[in-house]
Amino acid sequence: MREALADTAGARPAVAMLDRRDQFHAPCHTPSRPALPRCPELDCLRDRLPPALLAAAELRAAETGLGADRALIAADVVGEEAYVTAFAAAAGIPFESLDALPSDGWPHSDDSLIDAARLGILQLRDSNGLRYVVAPQNNAARGLLECAVKPDSGVTGRFAVTTAERMRNFVTRHAQAAIVRRAADSLRHSHPKFSAAGATPRSAAATTLLLALAAAFCAVLSRTPLGLAAAGFFVAWAGLRIAALTQRAPIYPQVKRSDRDLPVYSVIVALYREAGAVRELVSALRRLNYPKEKLQVIFVLEPDDRATLARLAALRLGAPFEIHMAPAAGPRTKPKALNAALAFARGTFVVIYDAEDKPEPDQLRRALDAFAAGGERLACVQARLTIDNTDDSWLACLFTAEYAGLFDVFLPALAARRWPLPLGGSSNHFRADLLRRAGAWDPYNVTEDADLGMRLARLGYLTTVIESSTYEEAPVSFSPWLRQRTRWMKGWMQTWLVHMRAPGQLLRELGLVRFAVFQLMVGGSVFAALLHPFFLAALLHEIGAAGFAEALRSLLGSLHGLVLLGGYLASILLALAGLARRRLLRCAWALPLMPVYWLLLSIAAWRALHHLLRDPYGWEKTEHGLARHSRLADAAAGLDGVRDISAARPRPAREAA
């Protein structure tokens with residue numbers, strides 16, 4: 001049998017699959033189980049693959065509700081090209097290579113051509129009229145066979161088959177202008193009030209700069225009304241974070257679903273200069289506890305990123321991985337790449353990951369639990385981000401504490417009250433139809449995540465947070481940290497400017513409380529960082545003028561002292577609560593460095609304001625794959641306590657084997 005498999009065209013790892021035949025739970029020794037229906041889509045392979053392998057694929061088809069061909073391709077037993085070629089020959093249906101067709105050979109617009117690639121059916125016109133090219137998905141192969149055997153079906157000569165990759169390449173060649181338009185300009189045409197491209201960022205940033213300088217000057221002269229208002233804003237910003245400590249996070253019951261009941265899920269990862277990170281990324285995505293037949297993983301790369309493309313090609317990925325190229329036109333940003341990939345995403349649900357991400361294996365199922373419990377208005381589910389390389393430096397340790405406070409305490413508290421959430425840049429799960437209806441990501445905003453969270457709230461949709469973690473890599477030194485945080489601050493400034501174009505409309509759409517929360521979350525984070533050094537300078541001036549001993553005695557009576565202590569205390573308490581929930585209190589030693597961290601945030605904020613004036617859409621790249629330590633690896637080795645990760649849970653004996 002093994003020798004026969006070795007000679008089978010396209011069945012590269014068939015021997016390995018036979019060794020792992022129990023992944024299909026094939027009932028080789030359970031004769032009491034009723035016989036499975038014969039899958040006609042496998043007839044083209046019955047003389048090429050062993051009966052046990054075909055039976056396993058038919059069982060898998062019964063378990064998933066998809067065609068048995070999908071099971072073989074997903075298990076990497078047979079390549080899609082080899083299967084579709086064999087299927088076409090056996091069914092008497094032409095195979096269409098889509099290599100050379102006239103430019104006017106399709107009767108619809110380029111936008112319809114893009115949708116055809118996502119749906120797997122392409123309508124073409126030739127001298128004989130209309131015909132259809134199908135890239136078999138789900139049960140399409142079986143459906144074609146059922147039509148072909150009916151003498152009166154009228155499909156003879158009207159259908160051809162091809163592979164999904166060939167159809168995607170064809171669409172990419174012939175609909176490039178439409179792809180660029182969707183990726184770079186769709187939002188500003190469909191929802192112009194939500195696009196950062198429609199603003200005048202330089203003049204808006206200049207106005208913001210003047211306001212910030214005026215507020216900073218008045219903050220020093222704290223007795224002025226504007227200074228008191230700035231101090232009050234600072235206190236409200238801190239109070240919102242302290243209030244989050246008392247709010248319980250939403251809990252969604254876990255539902256056991258069969259593979260048949262699961263929808264198709266698309267995973268999109270935008271990559272640029274990530275050759276060093278892709279191997280671990282692929283390993284993490286392979287560990288997702290989701291049927292491969294219903295998974296689509298899209299890596300979208302920039303056209304000039306040959307190193308990452310070569311590394312992915314060397315991994316010989318196979319199903320369910322796809323490699324797409326982002327269009328060169330438009331701003332070179334992550335959201336533009338995500339929009340380009342979304343056009344080809346087949347999933348009912350879509351999740352976004354970054355190059356360094358290691359999501360928990362059950363995260364997709366946990367997101368479905370939340371969507372099922374949250375109702376049709378729940379558009380987005382945010383998983384909890386946490387830092388994996390905590391022990392690399394004091395900066396990574398503070399980054400860990402900051403993330404713990406944000407994703408384990410603050411955002412869950414906002415979600416529990418159904419307030420707007422500024423999404424993190426990764427592990428956002430979406431209903432695909434609502435994401436497209438909302439205009440997807442703004443390619444001109446460098447924090448497309450926070451902006452999209454606010455836009456969903458304005459459109460009446462909900463966002464929540466789930467008890468599932470994604471492990472990320474934090475910058476370990478100041479220079480990369482500063483570049484990353486500058487980009488984040490610049491994007492929050494863009495987000496605030498975009499949504500504050502019409503404050504009255506924003507107030508009507510969000511309501512008073514949610515409007516105030518938006519101001520404190522997005523605007524407050526930026527203005528707190530911008531004003532912090534001025535409050536600190538004013539406090540130091542008071543200490544110098546009054547004498548150190550006298551200043552310490554009257555510190556609590558000083559406006560500047562109260563504002564700074566309130567801000568530091570809110571940040572420390574939030575981080576401390578997050579570290580406690582993460583069982584990472586060993587990192588609490590870094591929390592006294594919070595004033596230093598705030599000074600670094602202020603440097604990033606002022607640098608971001610400069611960048612907003614100089615290069616509003618510029619994207620400063622964060623390098624990944626540089627971590628020296630890993631909490632996940634330590635947990636797997638039993639060296640570290642990690643909360644809520646599958647690697648740290650005991651597995652059933654069958655799964656462990």
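Tutor: Let's start with a definition: helices (H or I, at least four residues) and strands (E, at least two) are DSSP runs, numbered from the N terminus. Helix α12 (residues 278-286) lies across β4 (265-271), β5 (295-301), β6, β7 (349-353) and β8.

Student: What should I know about the model itself?

Tutor: The model is predicted, and local features need pLDDT of at least 70, side-chain atom pairs count only at pLDDT 80 or more, while totals for chains, interfaces and linings use all residues. Residues are numbered from 1 along each chain as its sequence is written, and side-chain values use heavy atoms, with hydrogens and water left out.

Student: At what angle does α12 run to β4?

Tutor: At about 170 degrees. Axes are lines fitted to C-alpha atoms (for helices over the stretch in contact), and angles run from 0 to 180 degrees between N-to-C directions. Helix α18 (residues 448-458) lies across β9 (378-387), β10 (428-431) and β11, and its angle to β10 is about 40 degrees.

Student: Which strands make up the sheet that holds β4 and β10?

Tutor: This open sheet has 8 strands in the order β6-β5-β4-β7-β10-β9-β11-β8, with mixed pairing.

Student: What makes β6 and β8 edge strands?

Tutor: Strands β6 (321-325) and β8 (358-359) each pair on one side only. Pairing here means that DSSP finds at least two bridges between two strands. Strand β8 meets that rule with β11 (residues 462-472): 2 bridges join them, and they run antiparallel. Lys358, for example, stands opposite Tyr471 in β11.

Student: Why are α9 and α14 called oblique to each other?

Tutor: Angles under 35 degrees count as roughly parallel, over 145 as roughly antiparallel, 65 to 115 as roughly perpendicular and the rest as oblique. Helix α9 (residues 176-190) and helix α14 (residues 334-342) pack at about 125 degrees, with axes 8 Å apart. The two helices are therefore oblique.

Student: Which residues bring α9 and α14 together?

Tutor: Arg182, Ala183 and Ala184 of α9 meet Lys336, Asn339 and Ala340 of α14, where contact means heavy atoms within 4.5 Å.

Student: What makes α6 roughly antiparallel to α8?

Tutor: Helix α6 (residues 110-119) and helix α8 (residues 164-174) pack at an angle of about 165 degrees, their axes 9 Å apart. Against the cut-off given above, that makes α6 roughly antiparallel to α8. Asp110, Leu113, Ile114, Ala116 and Ala117 in α6 touch Met167, Phe170, Val171 and His174 in α8.

Student: How do you know that the pair Tyr568 and Trp598 is edge-to-face?

Tutor: Rings of Phe, Tyr and Trp (its six-membered ring) pair if their centres lie within 6.5 Å; planes under 30 degrees apart count as stacked, over 60 as edge-to-face and the rest as tilted. That rule gives 17 aromatic pairs. The centres of Tyr568 and Trp598 are 5.3 Å apart and their planes stand at 80 degrees, so the pair is edge-to-face. Tyr568 in helix α23 (residues 559-582) and Trp598 in helix α24 (residues 594-614) are 30 residues apart.

Student: What makes Asp76, Arg418 and Pro320 worth a look?

Tutor: Most residues other than glycine have a negative phi, and most peptide bonds are trans. Asp76 has a positive phi of about 65 degrees and lies in the loop between α4 (68-74) and α5 (80-91). Arg418 has a positive phi of about 60 degrees, and its place is the loop between α16 (394-416) and β10. The peptide bond from Ala319 to Pro320 is cis, with omega near 5 degrees; Pro320 sits in the loop between α13 (306-314) and β6.
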